[in-house]
Amino acid sequence: VDQGVCRKMITWTEPIGSADGIVINGPFGGISGDSYPTGETYISYTATDTANNTTKKCEFSIAIKDKQPPVFGECMPSVTDYTHQCGEESGVPVHWDCPVTDDCDGDLSNKTVCSEWVRIEGPNVFHPLAFVRIEHDLGCVQQEEKATISKALNLCASRKFCSIDTVNFCAKGMDMIHPDFRLEAGNELYIKASSGDSFPVPPYEISKGEKTSFHVSCSATDSSRNFEGASFAFTIVENC
């Protein structure tokens with residue numbers, strides 16, 4: 001259908017019996033000549049003979065597609081610039097909402113899908129929450145090296161997104177990326193997160209006033225399978 005049009009009148013030829021006495025039952029789901037909305041509507045018929053035997057239903061679909069994709073409003077995180085104060089050990093819970101409407105389907109906000117992978121941008125994204133260099137088998141490390149590993153474990157224990165199992169320290173001489181992180185081409189780092197999660201304060205040393213940005217992407221699809229996307233960002237500012 002044309003842009004802004006959300007219904008269309010559809011007609012079809014009614015089926016007839018192949019022999020005398022056959023009764024056509026239906027249509028079920030709609031009638032010929034009616035106006036149908038965008039999306040798919042299923043129409044079916046059955047037939048019954050003189051011995052009261054009924055056929056399986058004969059079904060076809062009506063697909064009405066509009067040309068207008070959904071429209072996003074302003075995606076609003078509950079935090080846009082969060083300042084990390086000295087002494088804080090955890091991040092801040094961040095909620096976000098991306099209102100979206102469609103000319104035919106109306107409000108699609110409850111059907112908006114935001115990626116579970118949030119891109120991280122900052123002065124040093126290769127921080128201990130994402131990567132750990134494994135130099136020795138855990139069973140034969142020196143005392144000072146044990147302290148380094150213990151520190152990395154403690155960093156992860158204090159943050160929701162990070163989880164290290166000591167068995168992961170058995171591979172010597174490799175960089176391990178945590179399951180809650182993903183590295184894309186071009187060294188773009190992503191963290192697995194969703195609305196309402198507490199975003200971690202970077203554990204690496206950065207200068208006061210420097211920021212770590214988190215970029216979220218969302219999308220919506222209407223009943224005509226028109227797709228639209230939107231993105232937004234929020235930051236954590238170091239104040240210690």
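The model is predicted: local features need pLDDT of at least 70, side-chain atom pairs count only at pLDDT 80 or more, and totals for chains, interfaces and linings use all residues. Residues are numbered from 1 along each chain as its sequence is written, and side-chain values use heavy atoms, with hydrogens and water left out.

**Stop 1: strand 14**

Select strand 14 (117–121) and strand 18 (residues 188–192). Strands here are DSSP runs of E with at least two residues, numbered from the N terminus. Two strands pair if DSSP finds at least two bridges between them. Strands 14 and 18 run antiparallel and are joined by 4 bridges.

**Stop 2**

A salt bridge is a side-chain nitrogen of Lys or Arg within 4 Å of a carboxyl oxygen of Asp or Glu. The count by this rule is 4 salt bridges. One of them joins Glu121 to Arg119, with the closest N and O atoms 2.8 Å apart.

Then select Glu116 and Lys192, another salt bridge, whose closest N and O atoms are 4.0 Å apart. Glu116 lies in the loop between strand 13 (113–114) and strand 14, and Lys192 in strand 18, so the pair ties together parts that are 76 residues apart in sequence.

For accessibility, buried means under 20% relative accessible area, exposed over 50%, and partly exposed in between (1.4 Å probe, protein chains only). Glu116 is partly exposed at 42%, as is Lys192 at 35%. Glu121 is partly exposed too, at 40%.

**Stop 3**

Select Lys56, in the loop between strand 4 (39–48) and strand 5 (58–64). Lys56 is exposed, with 79% relative accessibility. Which residues does Lys56 contact, leaving aside its neighbours within four places in sequence? They are Tyr45 and Thr46, where contact means heavy atoms within 4.5 Å. The C-alpha atoms of Lys56 and Tyr45 are 8.6 Å apart, and the two residues are 11 apart in sequence.

Move on to Lys57 and Glu59, whose side chains form a salt bridge (3.6 Å, N to O). Lys57 is exposed at 54% relative accessible area, whereas Glu59 is partly exposed at 42%.

**Stop 4: aromatic rings**

Colour Phe, Tyr and Trp. Rings (for Trp the six-membered one) pair if their centres lie within 6.5 Å; planes under 30 degrees apart count as stacked, over 60 as edge-to-face and the rest as tilted. The whole structure has 5 aromatic pairs. Trp12 and Tyr36 have ring centres 6.4 Å apart and planes at 45°, so this pair is tilted. Trp12 lies in the loop between strand 1 (7–9) and strand 2 (23–28), and Tyr36 in strand 3 (residues 35–37), so parts 24 residues apart in sequence are tied together. Both Trp12 and Tyr36 are buried.

Now select Trp96, Phe214, Phe232 and Phe234, which ring pairs link into a cluster.

**Stop 5**

Finish with an open sheet of 3 strands in the order 6-11-12, paired antiparallel. Its edge strands are strand 6 (71–72) and strand 12 (106–107), each pairing on one side only. Strand 11 (residues 100–102) is joined to strand 12 by 2 bridges. Within that pairing, look for Thr101 opposite Asp107 of strand 12.
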